[in-house]
Amino acid sequence: METNSEIVSSKSKKEIAITVKNLHVTYRGLKKTSIRASWTKLGSRVELFRALKGVSFEVEKGKILGIIGKNGSGKSTMLRAIAGIFSPDEGKIDLHGNTISLLSIGVGFNKKLTGKENIYLSGMLLGFSEEQIREKEQEIIDFADIGKFMYKPVKTYSSGMYSKLAFAITAILETDIMLIDEVLSVGDAQFKAKSYNKMKELISDENRTVLIVSHNLDTIASLCDEVLWLNDGNLMEIGPAEEILPRYREFMGQQDPEKES
Amino acid sequence: MKKFFNNIKKYYKYAIYSAKAELKSEVADSYLNWLWWIIEPVCFMLIYTFVFGVVFDNNEKYFASFVFIGLTAWEFFNRMITGSVKLIINNRDLVTKVYIPKYILLLSKSFTYLFKMGISLLICLVLMICQRVPFSWTMLLAIPIFVVLYVLTFGMGMILMHFGVTLNDLSNLTNIGLKMVFYLSGVFYNIQKKLKKHPSLVVLLLKVNPIAFIMNELRVVLLEGNLPHLGLLGIWGLIGVVLCMIGVHVIHKNENSYAKVI
């Protein structure tokens, strides 16, 4: 925590990395239907699900923001909207020209190809050029630490090896803003520690802004400067971790004791 | 449209790489590997040549080449249409986790199909040499015909890809449609000769159905050594460009909602 607060105090000019204004996301618009259904149900009303109801906040460059809230409160929806995977129905998201990636496991993997080929496939999908990946290739191979399996088809991997490789790719190919959705526990105990440390190293970089979604409050407490608390698509509170977390714990305790982690 | 070209520039390398990856994975674990890319079209050609050439007694000149040219164009069209309908849903993992312009998926798919069409075309040329089809420089005019075919199917593919996301049973519909078009396009018969008694029907089938038209023009160019119908070709090319523009527009407008639906 001390190192984090040092970073914050050293950055006095307060450069903003992400601005989210009045963000609304509604699951509606395109509704899955069949041809028959579209005849019989013509004119019937489509049900709406409002996942986010007007959330606004700003994140300073270099900060680590934890996002908490119970299941279905819109956390992942918000990350995906910020990552540009789908557009907000209302409101604006401004990334101030930063590159962004949603840290997710094994995007675009082709299971019949070797691990090495998948590094390129996944990396190019995340918007990196072939040369950039080539530079980082060895680092990824070293970090994933799966030995000769790197040159074997991914379908022969154990699930642990699979996530190790996937984590290595996304962790080593870095972007200005990283969005992390519950991926901190991957692989065996040894790799878990390693990835946790790597994660810590990655996110404590002064120039990197990080948004973490997690149900593990200890992780949030130890990694994040600030915490954003979502409840049913509304912003409850945003502020320093040590202030928000106790109140959140208390709130969750009242609501549903067995869900508390 | 500018956004479209920027995106193509940014992602075409990925499209190529992923197309290569898909082709590689296709042959990675089959016994005869890439030989299937040759065996399959040759076998189809033999079947159609036997059934429609011998059994139904067709005396078309260079009948094997005739069938093969038709099949080459048809297979590309068929694969593109069938492939595009379910494309977004089949790439669910990708679409819900990372932003990528959705037509890049189609572009990448089309590269794999183009590659297969290329192989098919090479076999076709070998076959034509074996059957001693006279060579002429007008054969090169097949290239613009293929370009028209590509633009046209790419446009249709984008539009189908969009509707395939929300309409569950669109693939059933396209299957029926494709079957119909297959038999009406004259893959294994000459529309003009077979339907001599119904000239209006010939006009209808050849002018309204772009695939039949393209197949016919390819045969005119490659087997008869004559000039294609440039005017109509231009019109279909233009329609193709318009379809592409509509497709790009529709996808830009809706692609960010796909992740919510699938």
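Biologist: Which residue in β8(A) does A:Gly66 stand opposite?

Modeller: A:Gly66 stands opposite A:Val227 in β8(A). Before going further, note that this is a predicted model, in which local features need pLDDT of at least 70 and side-chain atom pairs count only at pLDDT 80 or more, while totals for chains, interfaces and linings use all residues. Residues are numbered from 1 along each chain as its sequence is written, and chains are lettered from A and ligands numbered from 1 in the order in which they are written.

Biologist: How many bridges pair strand β3 with strand β8 of chain A, and in which sense?

Modeller: Two strands pair if DSSP finds at least two bridges between them. Helices (H or I, at least four residues) and strands (E, at least two) are DSSP runs, numbered from the N terminus. Here β3 (residues 64-68) and β8 (residues 226-231) of chain A are parallel, over 4 bridges. β8(A) and β9(A) run antiparallel and are joined by 6 bridges. A:Val227 stands opposite A:Gly239 in β9(A). The hairpin of β8(A) and β9(A) has 2 residues between the strands, and in it A:Asp232 takes a positive phi near 50°.

Biologist: In what order do the strands of the open sheet in chain A lie?

Modeller: In a regular strand the side chains alternate between the two faces of the sheet. In chain A, 6 strands form an open sheet with mixed pairing, in the order β5-β6-β7-β3-β8-β9. Because β5 (100-103) and β9 (234-240) of chain A each have a single partner strand, one side of each is left without a neighbour in the sheet. The twist averages 15° from one strand to the next.

Biologist: How many residues of helix α3 of chain A are buried?

Modeller: A residue is buried if 20 or more other C-beta atoms lie within 10 Å of its own, exposed if 12 or fewer, and partly exposed in between, with C-beta atoms placed from the backbone. By that count, 7 of the 8 residues of α3 (residues 75-82) of chain A are buried, among them A:Lys75, A:Met78 and A:Arg80. A:Gly84, with a positive phi near 85°, follows α3(A). Across the 261 residues of chain A, buried residues make up 39%.

Biologist: At what angle do helix α4 of chain A and α1(B) pack?

Modeller: Two packed helices are described by the angle between their axes and the distance between the axes. Axes are lines fitted to C-alpha atoms, for helices over the stretch in contact, and angles run from 0 to 180 degrees between N-to-C directions. α4 (residues 115-125) of chain A packs against α1(B) at an angle of about 150°, with the axes 10 Å apart. Residues that make this contact include A:Tyr120 and A:Leu121 of α4(A) and B:Tyr14 and B:Tyr17 of α1(B).

Biologist: What span should helix α2 of chain B have?

Modeller: The expected span of a helix is 1.5 Å times one less than its number of residues. The 21 residues of α2 (residues 35-55) of chain B should therefore span 30 Å, and the end C-alpha atoms are 29 Å apart, which agrees. B:Asp57, whose phi is positive, near 50°, follows α2(B).

Note on methods
Two residues are in contact if their C-beta atoms, placed from the backbone, lie within 7 Å.
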